[in-house]
Amino acid sequence: MQGFDLDQLRTFVVVLDAGSFTAAAPLVHLSQSAVSEQIRKLEQRAGQPLLARGKTGVRATPAGLRLQAHAARILAMADEALRDLRGVPLDGELRLALTDYFRPRDVAGLLRRLNQRYPQVRLHVAIMKSGEVEAACAQGEYDLGLTMQVCVPGARRTPGIVLRREPLCWMGAPGTQVARGAPLPLVALPESCALRQFAERLLVRRGRMYTVAHVASGVAGVQLALAAGLGVACLNESALAPGVERLSGASLPALPQVQFALLPARADESEFVARARQALAEALA
């Protein structure tokens, strides 16, 4: 009996993580039509629908959820077999610092698959603000750091491996109305947050009145405040959460994209950390 195609399984897993064929296509280096064709062939092999399509993206059917669990194990075993044959095991302790804006809904699953793929790596993860990630990595407190940077002309860019780009959006509770003349009730992180600083500078430049209606300690707190109707926030697209939707209107300034990047290597970086950086780039992309 013929089994599943590994490339199709890998594409299937990435589509579920990304939430849509469009978002998954660049991550697997295929066109959107090629991604659709791989999923069609996979569903044909499975003999039943694996994904439910909707206006907001895709989600796994009950059969898709079962296959997703199998696929994670199958792909991890395939990767482990390849590493074993090539004689390049990855074994050691890795201290990783991530910005809390990076794919809040998906990061746990991404790290779980990283653990399945590299079971000999003992991973220590901290979630913090991008500025704190950069400072901690510069001081040697963490081996690898992943930060978010706003893509605007003239902005300081930290060199490194860019893993992902996505748009910034104004977000709020469903039905939130943004009146042109009224101050914008801003939900934000503390003043040290680079994204809050960017949003406030943008509003000032555009002459848009605002007030800081609520300050949260992390992205999860911002999401809860938005769902509770406490105001609006500038967040990256993957931070969209249940009870929160994108907002639009002439009174809201247009927003740029952000990019997520692994910080560059330090001069004293070990071979293990260098190889772990590449493995992490593949797992989190």
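Let me begin with a term: contact means that heavy atoms lie within 4.5 Å. Before I apply it, please note that this is a predicted model, in which local features need pLDDT of at least 70, side-chain atom pairs count only at pLDDT 80 or more, and totals for chains, interfaces and linings use all residues. Residues are numbered from 1 along each chain as its sequence is written, and side-chain values use heavy atoms, with hydrogens and water left out.

We start with Leu144, which belongs to strand β5 (residues 144-151). Helices (H or I, at least four residues) and strands (E, at least two) are DSSP runs, numbered from the N terminus. Which residues does Leu144 contact, once its neighbours within four places in sequence are left aside? They are Leu94, Arg95, Leu96, Ala97, Cys137, Glu269, Val273, Ala276, Arg277 and Leu280. Leu144 counts as buried because its relative accessibility is 1%; buried means under 20% relative accessible area, exposed over 50%, and partly exposed in between, with a 1.4 Å probe and protein chains only.

Two packed helices are described by the angle between their axes and the distance between the axes. Helix α5 (residues 107-117) packs against helix α9 (residues 271-284) at an angle of about 130°, and their axes are 10 Å apart. Here axes are lines fitted to C-alpha atoms, for helices over the stretch in contact, and angles run from 0 to 180 degrees between N-to-C directions. Angles under 35 degrees count as roughly parallel, over 145 as roughly antiparallel, 65 to 115 as roughly perpendicular and the rest as oblique. The helices α5 and α9 are therefore oblique to each other. Their crossing is right-handed. From α5, the contact involves Leu110, Leu114 and Arg117; from α9, it involves Ala279, Leu280, Glu282, Ala283 and Leu284. As for handedness, a crossing is left-handed if the near helix is turned anticlockwise from the far one by less than a right angle, and right-handed if clockwise.

The axes of helix α1 (residues 6-18) and α3 come within 9 Å and cross at roughly 110°. That angle makes α1 roughly perpendicular to α3. The crossing of α1 and α3 is left-handed. Asp7, Gln8, Leu9, Thr11, Phe12 and Val15 of α1 meet Val35, Gln38, Ile39, Lys41 and Leu42 of α3 in this contact.

Let us turn to the strands. In strand β7 (residues 184-188), four of the five residues are buried. Strand β7 runs parallel to strand β8 (residues 210-215), and five bridges join them; two strands pair if DSSP finds at least two bridges between them. Leu184 has Tyr210 of β8 as its bridge partner. Between the two strands the chain passes through helix α7 (residues 194-205), and this β-α-β crossover is right-handed. A crossover is right-handed if, with the strands pointing away from the viewer, the path from the first strand over the helix to the second runs clockwise.

Strand β9 (residues 233-236) is covered on both faces: Ala233 and Leu235 are buried on one side, and Cys234 and Asn236 on the other. In a regular strand the side chains alternate between the two faces of the sheet. Strand β9 pairs with strand β6 (residues 161-172) in the antiparallel sense over four bridges, and Leu168 stands opposite Asn236.

Gly172 also lies in β6. With a relative accessibility of 0%, Gly172 counts as buried. Beyond residues up to four places away in sequence, Gly172 touches Leu226, Gly231, Gly243, Val244, Glu245 and Leu247.

Finally, I draw your attention to two loop residues. Most residues other than glycine have a negative phi, and most peptide bonds are trans. His29 has a positive phi, near 60°, and sits in the loop between α2 (21-24) and α3 (32-46). Arg103 also has a positive phi, near 40°, and is found in the loop between β3 (92-99) and α5. Which of these is buried, and which exposed? His29 counts as exposed because its relative accessibility is 72%, whereas Arg103 is buried, with a relative accessible area of 1%.
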